[in-house]
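Visitor: I would like to learn how to read a protein model step by step, with the general idea first and the case at hand second.
Guide: Then let us look at it together.

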Amino acid sequence: MNIYVCVKHVPDTAATIRVGADYRIDEDITFIMNPYDENAVEEAVRLKKRMAGAEVIAVTLGKAAAEATLRSALAMGADRAILVRSDKHHDCITTAGALCAAIRQDGNPDLIFTGRESIDAEGFQTMYRMGVNLGIPVASNVIAFDMDGQRVSVISEMEAGEHACLEMTTPCIIGAGKGLNQPSYPKLPDILQARKKTITVIDEEQSGTHSSASRVETVILEIASEERQPEALEGSAEEIADAIVGILRNEAKVLMNS
Amino acid sequence: MTKKYDAIIIGAGVIGCPIAYELAKMGYKTLTVDKLSDAGEGSTAASCAIVRAHYSTVDGVAMAYEGFKYWLDWKKYLDNVEDEKGLAKYMNTGSILIKSQGHDWRKVQSNYDAVGVTYEEWDVDKIKEKVPVYDMHEFWPVKRPEDPDFFNEPTKMLEGAIFCPEGGYMSDPALSAHNIMRAAEAKGSEFIFNAEVVAVRSENNQVLGITLKDGTDIDAPVVVNVAGPHSYKINQMAAGVYEECNIKTKALRHEVMHCPAPEGYDYLKDGYHTSDGDVGCYYRPEVGNMFLIGSEDPECDPQEWVDPDVFYAGKETYVRNNQLTVEQWNAQTYRCARRVSDMAIPNQPRGVCDLYDCSDDWIPIYDKSSMQGFYMAIGSSGNQYKNAPVAGSMMAELIDKCEKGYDHDKEPLQYTLPHIGRKIDVGFFSRNREINYNSSFSVNG
């Protein structure tokens, strides 16, 4: 059984993001594995432990530095990895194309895990475009996953408080949400072992990616300045608690009306 | 109209606040100014707030041991003052000093004997009994993970450790400074914030006061530089002071990491503060059952000296450049994980990045200066948090004596540590000392 996990090398959420004159993020900062992809790797590795003969292959598209994120995936338990190397910037069409081409070249996927979104681009499209590319179903923001033979059942979180129970057949794509699991971080022996695992590097040109007729390009990228306007709640503990519930229900809309 | 005080303290950190407090108790009308918005919000806030007795010099040990007495009875030290933010808590974990080639532990032990510090000697079996998650192999010399030998299998075992039952950390270093500020205010001290000093004024080599960025002049016959990582900049503002100091200070960037404790091990409840020269790290429990991992500045690690104004401004103008680097994250967490191999190492670095106000020999300067009325408590070098209340009392006595005509340069003040009764030579901390080669030249002091 071939379980692929698509991961992305993204700027650390704690990083000070700077945008250069070329409207690109200055990459002289710390990069990490996209946090949602950690849930994807974790679920893939858990599944592998239940399936005799299963293999977990981490795949990424990126620069040479993205190898660090693949090593993180290997330390979390992936067996080997593929780096589709490219120094170019990609939209989600070409990203999905390159990832699918690399997977096709490598083997027949039974399952493809990935994070529900990347925290840098937040395009929310790559997994769906991969689904189209491979002609297979996709479930996103998955918070529960189960597999029985070729049947995959998932719970997908939709709007706040709404869950959809979906059934799919393999091969399919699972977009991991935060609630799917608690990633278990590697220990030093795992990191040491990961150093010895194989990362296959293929150039994007060799990956058999077909160029698309149309594409998306970032024309201007600017740092959004957020003006915080804190509001102090006053009153007794009960009054403050009621006010917070009111805000969560009516303004943030994360609580359902009961 | 220019405001007048008896003494101005520049810096409301964990050392500035006790100086204000002690001077106020002596009757000085003090004003403490800080460029940040509240007490302890500068490099104090990023301190690991470790309270341990082991230092490479006898006076260092004596001062730290004296410091315990304050932390142990924090309320009494604060004269039962109320702080609306609550009181910082002293967490006594006990302190393990691993006997390794990375520490001159024999010197520490003889310093303990000289001062009368209570300690036990633990062999490896005893350590394993007390801390089952420690792998007591020897990993010396300290290396970086880039070194191909980093992952070599260890063959030898360590000898053991020196354990001090007294030792631990303060729960919240910024809050501890805030507590002392409230205690000082109760004695009549004043504090102003968001007040950046741009000039130290003097005439005929007598300090006159300071000028703030907004143009406000504040006068006092005594000005104390406790500016932490900005200390050298303040000394440079006082005519001739920086040039005259034989020992200089500068700002060193430092990172501290947080990693989850091994599963099933309640480090927060059962763990010990540990100084581990064998892997070049110290670690202590942190909220969330985390290992807080600091570096003991091994030779293989690069030192990054920075301009504090550039650092705190961030590379852009609006944020603080507190980002951890992957290289140092790997170095510190992997080293600690050699001792604690079941510790989890998250993919995303977590921790704190801030500055040490580091002196040439990593020993602080508690001294007067060549300018009449200008004093300094600087160069804490990442190792003076625990001494803050002692430093406050010692500096106040030094200032008071010198203002009354005592010539500290000629005959260094002998300060009696009130709790343990031992005298220490304040000249040990002189700006004019030669570099002290007895120092560890690290955070260990």
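Predicted model: local features only at pLDDT ≥ 70, side-chain atom pairs only at ≥ 80, totals over all residues.

Visitor: Which residues of H1(A) are buried?
Guide: A residue is buried if 20 or more other C-beta atoms lie within 10 Å of its own, exposed if 12 or fewer, and partly exposed in between, with C-beta atoms placed from the backbone. In H1(A) the buried residues include Tyr36(A), Val41(A), Val45(A) and Leu47(A), and Asp37(A) and Glu38(A) are also among them.

Visitor: How should I read the phi of Tyr23(A)?
Guide: Most residues other than glycine have a negative phi, and most peptide bonds are trans. Tyr23(A), however, has a positive phi near 60 degrees, and its place is the loop between strand S2 (9-11) and strand S3 (31-33) of chain A. Because 11 other C-beta atoms lie within 10 Å, Tyr23(A) is exposed. Glu122(A) also has a positive phi, near 50 degrees, and lies in the loop between strand S6 (111-115) and helix H4 (126-134) of chain A; with 8 other C-beta atoms within 10 Å, Glu122(A) is exposed.

Visitor: Where are the cis peptide bonds that involve Pro171(A) and Pro141(B)?
Guide: In chain A, a cis bond with omega about -5 degrees joins Thr170(A) and Pro171(A), and Pro171(A) sits in the loop between strand S9 (163-169) and strand S10 (172-176). In chain B, a cis bond joins Trp140(B) and Pro141(B), again with omega about -5 degrees, and Pro141(B) belongs to the loop between helix H5 (124-130) and strand S8 (160-164).

Visitor: What radius of gyration does chain B have, and what would a compact globule have?
Guide: The radius of gyration is taken over C-alpha atoms, and the globule rule is 2.2 Å times the number of residues to the power 0.38. For 445 residues the rule gives a value near 22 Å, and chain B, with 21 Å, agrees with it. The C-alpha atoms of chain B fill a box of roughly 70 × 50 × 45 Å along the principal axes, and 55% of its residues count as buried. Its secondary structure comes to 12 helices and 24 strands.

Visitor: What does helix H6 of chain B pack against?
Guide: Two residues are in contact if their C-beta atoms, placed from the backbone, lie within 7 Å. Helix H6 (residues 173-186) of chain B is mostly covered, with 12 of its 14 residues buried, and these buried residues pack against helix H1 (16-25), strand S9 (168-170) and strand S10 (190-192) of chain B. After H6(B) comes Gly188(B), with a positive phi near 100 degrees.

Visitor: Is Gly167(B) buried or exposed?
Guide: Gly167(B) counts as buried, because it has 27 C-beta neighbours inside 10 Å, and its place is the loop between S8 and S9 of chain B. Leaving aside neighbours within four places in sequence, its contacts include Val51(B), Thr93(B) and His273(B).

Visitor: How many residues does each chain bring to the contact between them?
Guide: Chain B brings 23 residues and chain A brings 18 residues. On the side of chain B, helix H11 (residues 326-339) gives the largest share, 4 residues.

Visitor: What confidence does the predictor give chain B?
Guide: The score pLDDT is the predictor's confidence in each residue, from 0 to 100. Chain B averages 94, and 98% of the residues score at least 70, but pLDDT stays under 50 over residues 316-320 of chain B. The model as a whole scores ipTM 0.86 and pTM 0.91.

How values were computed: Residues numbered from 1 in each chain as written. Chains lettered and ligands numbered in written order. Helix = DSSP H or I, 4+ residues; strand = E, 2+ residues; numbered from the N terminus.
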